[in-house]
Amino acid sequence: MKKISIIYSSQSGNVEVLANEIYEGAKEAGADVTIKLVHEASKEDVLSADALAFGSPSKNNNNIDQEDLAPFLKQFELTLNENKPVVLFGSYGWDNGEFMEKFKDLMNDYSFKVIGDIAVNEAPSKEELKKSRELGKLLAK
Ligand SMILES: Cc1cc2nc3c(=O)[nH]c(=O)nc-3n(C[C@H](O)[C@H](O)[C@H](O)COP(=O)(O)O)c2cc1C
């Protein structure tokens, strides 16, 4: 059974909705899934997973959350990530997904393999929820 960890940051709940949908998709596909806010997550949650999903709002001038998520991810800058598959998800107010481009570059720099991503404007639409669920299924493959 595939082991998946979903780790995210969310202040007002938009990113959390996406996280929950990815969780449902991965569960439906039969994976063993853990979902945590970043301040509850440990290094082990990342190292022990076969595949990962990381989520963030756009913050700090069109970037991922620099207070909690960026420092958490920095722990993996020099670990052996061996192109472990990751899905990235998040929500922005006005940057039209610019933060997501930076997020993808960062994860590729850290030697993860980004296999899918979704960036939504504020709260996700029905279509975007559906896509998030599909991304969960993709992680479980
Ligand atoms: C303090 C703060 C800073 C923000 N900075 C940005 C930003 O730089 N660029 C942007 O597009 N949206 C920005 N936003 C909007 C959020 O990214 C957006 O509302 C998102 O949906 C929040 O996700 P959440 O509900 O999961 O916290 C900011 C919001 C807050 C509260």
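**View 1. The largest pocket of the predicted model.**
The largest pocket has a volume of about 240 Å³. Its lining is made up of 18 residues, and those closest to the centre of the pocket are Pro-57, Ser-58, Lys-59, Ser-91 and Gly-93. Helix 1 (14–28), strand 3 (51–59) and strand 5 (84–92) are the elements that each provide two or more residues to this lining. Strand 3 supplies the largest share, namely three residues.

By residue class, the lining of the largest pocket comprises eleven polar, four nonpolar and three charged residues.

**View 2. The ligand in the largest pocket.**
The ligand is located in the largest pocket. Helix 1, strand 3 and strand 5 are the elements that contribute two or more residues to the shell around the ligand. The greatest contribution to this shell is that of strand 3, with three residues.

**View 3. Residues around the ligand.**
The ligand is surrounded by 17 residues, of which the closest are Ser-10, Ser-12, Ser-58, Ser-91 and Glu-122. The shell around the ligand consists of ten polar, four nonpolar and three charged residues. Ser-58 and Ser-91, listed here among the residues closest to the ligand, are also listed among those closest to the centre of the largest pocket.

At Ser-91, an N or O atom of the side chain lies 2.6 Å from an oxygen atom of the ligand. At Trp-94, a polar backbone atom is 2.9 Å from an oxygen atom of the ligand. A distance of 2.9 Å likewise separates an oxygen atom of the ligand from a polar backbone atom of Asp-95.

Conventions. Residues are numbered from 1 along each chain as its sequence is written. This is a predicted model: local features need pLDDT of at least 70, side-chain atom pairs count only at pLDDT 80 or more; totals for chains, interfaces and linings use all residues. Side-chain values use heavy atoms; hydrogens and water are left out. On a 1 Å grid over the protein atoms alone, a cavity is a set of points where a 1.4 Å probe fits but cannot get out, and a pocket is an open set with protein on both sides within 12 Å along at least five of seven lines; lining residues have an atom within 4 Å of a point. Grid points are joined across faces, edges and corners, and a volume is the space filled by probe spheres set on the points. Helices (H or I, at least four residues) and strands (E, at least two) are DSSP runs, numbered from the N terminus. Ala, Val, Leu, Ile, Met, Phe, Trp, Tyr, Cys and Pro count as nonpolar, Asp, Glu, Lys and Arg as charged, and the others, Gly among them, as polar. A residue is near a molecule or strand if one of its heavy atoms lies within 4 Å of it. A polar contact is a pair of N or O atoms within 3.5 Å; within protein, one must be able to donate a hydrogen and the other to accept it, and residues adjacent in sequence count only if both atoms are side-chain atoms. A molecule sits in a cavity or pocket if more than half of its atoms lie within 2 Å of its grid points.
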